[in-house]
Each structure stands twice: as C-alpha cells, then as structure tokens.
Amino acid sequence: MSKKGGVLLQGIVEADETYIGGRPRKENKKEDREPAPRGRGTDKTPVIGVVERGGKVVAEVAEKLTGRRILEFIKRAVKIEDSELMTDEYHAYNAIGREMKHQIVNHQEQFVDGDVHTNTIEGFWSLLKRAWYGSHHHYTTGFTPLYVAERCYVYNYRDLECIWTKFVNESMMLPSN
C-alpha cells in the first residue's frame, strides 16, 4: 500500500498538517489539571498531507514541520507547474508561494472564501483519526507511517467496489526476493 514515488497530484491541491496521538491523562484533582496543548504545541506525531480536489491524497509522517520540509514534501507529491495550492495561514507554507500559485484561507476569519478552502484535506484527517479511534484504537509510533499509508490507499481507491481484490492483485505482481 505504501509505494514511494507513486502518485503525482495536479490541479487544485490542498495541503495541511495534523497531529496524531493519545490525549494526556488528566490529573485526579480538578485544580491540578492544565488544558492539554493542541496542534503544534503537542508531543503528538506530526503528519503532513496534500490532496487533489476530487482525486487522490498523499500523506506521510513528518519529523518536523518546517518550511523547507513542507516544500520538499509538496515538490515530491505535486506537479507544481500545473497546480494551485490551498493552505491555511501557517507561516511554513510561505516558502512554497515562491514556487507555485498559492492561496491562503485564514481560519481566524473564515473557513471558506469562494474556492479557497482546505475542507478536502480536513475531511481526510477526519477519516484518518476516525480509523485511529474506531478500527485501530491506537497507533504505535513506529507503525504510524504504515497506518497513514493504509488510510491513503483506502482513500485513493474509495470508488472501487472491491478494494481488497485490487490490493491482492497488486501484491501478486510484486517481484519476490
């Protein structure tokens, strides 16, 4: 399910990041509780992703979400000369604006501005996290890239009647060691 250099997205694409992991346990006394940090302030595993509107998704676990790393990821996943990127206002996406057409939606003000939104990638994050809560129950940090790859595969072939048959047929064509 996880192939390097597989799909190259183009057209209108949306990029975003999310964080996967469990919630910290709460202290026993209410006055001892601190609000759990969210987003970029957590110790959770960062995941970066990009999705083609009406098409496929590419996502992977990221060590750090710096502008350089995000730019490298998008260049690997997107045909930048034929694409327009939609992101939120996170400053690390500013570096990609010099490479390709880039639209920003400011989530402090609104979530949609005409065709400028990140709802498609947010929907994918919802599916990824629902799998974590419902099917997988827990992602061991070492196996998180495999769970993310599995969710990408399921999303990319969501229109097939039987995704299992496709997976088995692809597996049978792999060269043996």
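# Reading a sheet, its cores and its rings

Student: What makes S1 and S4 a pair, and in which sense do they run?

Tutor: Two strands pair if DSSP finds at least two bridges between them. S1 and S4 share five bridges in the parallel sense, so they meet that rule. Strands and helices here are DSSP runs (E, at least two residues, for strands; H or I, at least four, for helices), numbered from the N terminus.

Student: Before we go on, what kind of model is this?

Tutor: The model is predicted: local features need pLDDT of at least 70, side-chain atom pairs count only at pLDDT 80 or more, and totals for chains, interfaces and linings use all residues. Residues are numbered from 1 along each chain as its sequence is written, and side-chain values use heavy atoms, with hydrogens and water left out.

Student: Which strands of the sheet are called edge strands, and why?

Tutor: The sheet is open, with five strands in the order S3-S2-S1-S4-S5 and mixed pairing. Strand S3 (57–61) and strand S5 (101–104) are the edges, as each pairs on one side only. From one strand to the next, the twist averages 25 degrees. H1 packs on this sheet, touching S1, S2, S3 and S4, and its direction makes about 125 degrees with that of S4. Helix H3 (residues 144–156) lies across S1, S2 and S3, at about 175 degrees to S3. Such angles run from 0 to 180 degrees between N-to-C directions, with axes fitted to C-alpha atoms, for helices over the stretch in contact.

Student: How do you know that Ser 83 is buried?

Tutor: Buried means under 20% relative accessible area, exposed over 50%, and partly exposed in between (1.4 Å probe, protein chains only). Ser 83 has 9% relative accessibility, so this residue counts as buried. Its place is in strand S4.

Student: What is the largest nonpolar core made of?

Tutor: A nonpolar core is a set of buried Ala, Val, Leu, Ile, Met, Phe, Trp, Tyr and Cys residues joined through side-chain atoms within 4.5 Å. The largest has 22 residues, and Val 50, Ile 70, Ile 74 and Val 78 have the most contacts inside it. Strand S1 (9–20), strand S2 (45–52), helix H1 (67–77) and strand S4 (78–87) each give two or more residues to this core. H1 gives the most, with five residues.

Student: Why is the pair of Phe 124 and Tyr 155 called edge-to-face?

Tutor: Rings of Phe, Tyr and Trp (its six-membered ring) pair if their centres lie within 6.5 Å; planes under 30 degrees apart count as stacked, over 60 as edge-to-face and the rest as tilted. A search of the whole structure finds four aromatic pairs. The rings of Phe 124 and Trp 125 have centres 5.5 Å apart and planes at 55 degrees, so that pair is tilted. For Phe 124 and Tyr 155, the centres are 5.4 Å apart and the planes at 80 degrees, so the pair is edge-to-face. Phe 124, Trp 125 and Tyr 155 form one aromatic cluster.

How values were computed: Contact = heavy atoms within 4.5 Å.
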